[in-house]
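Have the viewer open as you read.

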Amino acid sequence: MTKKIKNRNKKKLYPGIFILTLYLFYLANFLKNTSILLMPKEYKEIKNIVNKLASKNKLGDKEITFSITNGDYMSWNMKDLELCKAKRCWYYNNLSPYKKYKNRNGININELSNQAYLYGGIEAYTWNNIVWISKSTFRSLGENNGFLGCIIGHELSHILFDDHISDSLILSSKLRDLVLLENKLSDEKDLEDKDKKFIEMEISRSSESKADNGAAKLLINAGFPKDTCTKFLTYMTDLEKLDTETDPNSTHPGYLERYSSLNKYISLYKIKRNLKYNENNKWKWRFNRDLNILTFIPIDK
Ligand SMILES: [Zn+2]
């Protein structure tokens, strides 16, 4: 009789244990997907440096998303192995290095991702308020979080300046001037694509120098040594074997021009007294492992 009662009680317990197990499973999964504490260390490095910058600078009122990807080395490898066609290789560039993938045509994608981490270099760009940084960037910079600050500060400056409209206006104006000039000099009315390309590159180089200055400003305000970003430029030029002279076809100035422009800005820059106002900035972070993004969210006061 007692045995029967015990068995009946046990049966009643089973659904409860099942629901609790299911709940714990979902909770663990939810935490793994969203917990800031469980993020990969590279995301923690981004969070730490942006916290420092945001504590002394206003980073605008829009959300800013960061994503760590495999980077260019991955897409070059995929192309060399004929696993993708030129324009479609971008997909592999943007794959999350923190996920596992199935083999493709017998090639281990996870191994290629490891190689991209090992052999890739410093790489970051901004698009639609998203800052993309290759995982190899973190390995390339080692422990120098000031250098990471210069990269992030540069990309944040592109977002904060939001120079698309002003750049587009400058381009139109320069193109108009060129048409007028060419009309005076010759009968030719059509502008060659080459001329337009040169002007676009010139404008792009000016934006890049502005973003370098913006990065230095963010870092100096946040208490980093004044020469952190000029040192970073030298470090990056050595590591990536970048051009020292400016190429008129390039989106970025050569090292000498870039360094001298940044150095001049830094020597003239003075920290403004109203920085205390920025010390009241408030923000929070949201991580999403599935989407492979970390988002900086300013909070209105
Ligand atoms: Zn840039």
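S260 sits in helix 11 (residues 255-268); helices here are DSSP runs of H or I with at least four residues, numbered from the N terminus. This is a predicted model, in which local features need pLDDT of at least 70, side-chain atom pairs count only at pLDDT 80 or more, and totals for chains, interfaces and linings use all residues. Residues are numbered from 1 along each chain as its sequence is written.

S260 counts as partly exposed because it has 13 C-beta neighbours inside 10 Å. On that scale, 20 or more other C-beta atoms within 10 Å make a residue buried, 12 or fewer make it exposed, and partly exposed lies in between, with C-beta atoms placed from the backbone.

| Group in helix 5 | Residues |
|---|---|
| Buried | I109, L112, S113, A116 and Y117 |
| Exposed, on the face turned away from the buried side | E111 and L118 |

Seen down the axis of helix 5, the buried residues fall within an arc of 145°, so they line one face of the helix; the arc is that of the directions from the helix axis to the C-beta atoms.

Which residues of helix 7 meet helix 10? They are G146, F147, G149 and C150, and their partners in helix 10 are T228, C229, F232 and Y235; contact requires C-beta atoms, placed from the backbone, within 7 Å.

Note on methods:
Contact = placed C-beta atoms within 7 Å. Helix = DSSP H or I, 4+ residues; strand = E, 2+ residues; numbered from the N terminus.
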